[in-house]
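Take a look at the protein chain below.

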Amino acid sequence: MRSAGRALDALREITQHPPDAVILDLGLPDLDGSEALKMVRSVSSVPVIVATARDNEAEIVRLLEAGADDYLVKPFSGDHLNARLDAVLRRARAASPPQIVRVGELAVDLNRREATVGGTPLTLTRREFDLLAYLAARADRVVSRKELLTEVWQQSYGDDQTIDVHLSWLRRKLGESASSPRYLHTVRGVGVMLVAPSS
């Protein structure tokens, strides 16, 4: 279990060490709790339980609509918190997508952070795996460079060349090139799309 006393520290923890669930106290010193919730939702779909001293119904509804999965009004017992945590984790597991994404002979194991092509393991860096996993989960859809920058690199702006370099490395490891693509197809001026090879 990890804890953070400030919203920005918590966001850093969530992106660097993705948790199973987040207990978000609205009384943070650096940021309003509802703003912190929006920021968490911008980088993660992790279940969030809001801990609040506010029992105003309209406020609670607003937080749930903003992305909270549940809420607890202070004071509450440890048993109560554990029961709520168990409930949101059960729901998250039931709603979670398949943990192995398959596109043609490509298999991406999201839990083990491993990828294979035709049963042969790929040696990928952390960023290469994140990029491949993101594209594989959205197979047959064109993903813009801006989306990749935001969702994979967690940056609101940056250099397209960084993405192109990582795509080039991925292509090499997938046994293809930009001129003879199999899985990774560039859609000029739009983005990139991962598809199953036609043969």
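**A walk through the chain**

The largest nonpolar core has 28 residues. Inside it, the residues with the most contacts are Leu 106, Val 108, Leu 132, Leu 135 and Leu 148. A nonpolar core here is a set of buried Ala, Val, Leu, Ile, Met, Phe, Trp, Tyr and Cys residues joined through side-chain atoms within 4.5 Å. Buried means under 20% relative accessible area, exposed means over 50%, and partly exposed is in between (1.4 Å probe, protein chains only). Which elements give two or more residues to this core? They are strand 4 (100-103), strand 5 (106-109), strand 6 (114-117), helix 5 (126-136), helix 6 (145-151), helix 7 (160-173) and strand 10 (191-194). Helix 5 supplies the largest share, 7 residues. Helices (H or I, at least four residues) and strands (E, at least two) are DSSP runs, numbered from the N terminus.

Before going on, note that this is a predicted model: local features need pLDDT of at least 70, side-chain atom pairs count only at pLDDT 80 or more, and totals for chains, interfaces and linings use all residues. Residues are numbered from 1 along each chain as its sequence is written, and side-chain values use heavy atoms, with hydrogens and water left out.

Now zoom in on Val 108. Val 108 is then in contact (heavy atoms within 4.5 Å) with Gln 99, Ile 100, Val 101, Glu 114, Ala 115, Phe 129, Leu 132, Ala 133 and Ala 136.

Next, find Asp 25 in strand 1 (residues 22-25). An unreviewed UniProt entry annotates Asp 25 as "modified residue: 4-aspartylphosphate". Such annotations may be inferred rather than shown by experiment; their positions follow the numbering used here, and feature names are shortened. Is Asp 25 buried or partly exposed? Asp 25 counts as partly exposed, because its relative accessibility is 30%. Beyond its neighbours within four places in sequence, Asp 25 is in contact with Ala 51 and Lys 74. The side chains of Asp 25 and Lys 74 make a polar contact at 2.8 Å. That term means a pair of N or O atoms within 3.5 Å; within protein, one must be able to donate a hydrogen and the other to accept it, and residues adjacent in sequence count only if both atoms are side-chain atoms.

Compare another aspartate. Asp 70 sits in strand 3 (residues 70-73). Asp 70 is buried, with a relative accessible area of 13%. Its contacts, again leaving aside neighbours within four places in sequence, are Val 48, Ile 49, Val 50, Leu 64, Arg 84 and Val 88.

Now turn to a sheet. Strands of a sheet pair through backbone hydrogen bonds, either parallel or antiparallel. Here 3 strands form an open sheet in the order 8-10-9, with antiparallel pairing. Two strands pair if DSSP finds at least two bridges between them. Strand 8 (143-144) and strand 9 (184-187) stand at the edges. Each has a single partner strand, so one side of each is left without a neighbour in the sheet. Strand 9 and strand 10 pair over 4 bridges. Leu 184 has Leu 194 in strand 10 as its bridge partner.

Finally, step back. The protein chain has 7 helices and 10 strands. Buried residues make up 36% of its 199 residues. Its C-alpha trace spans about 60 × 35 × 25 Å along its principal axes.
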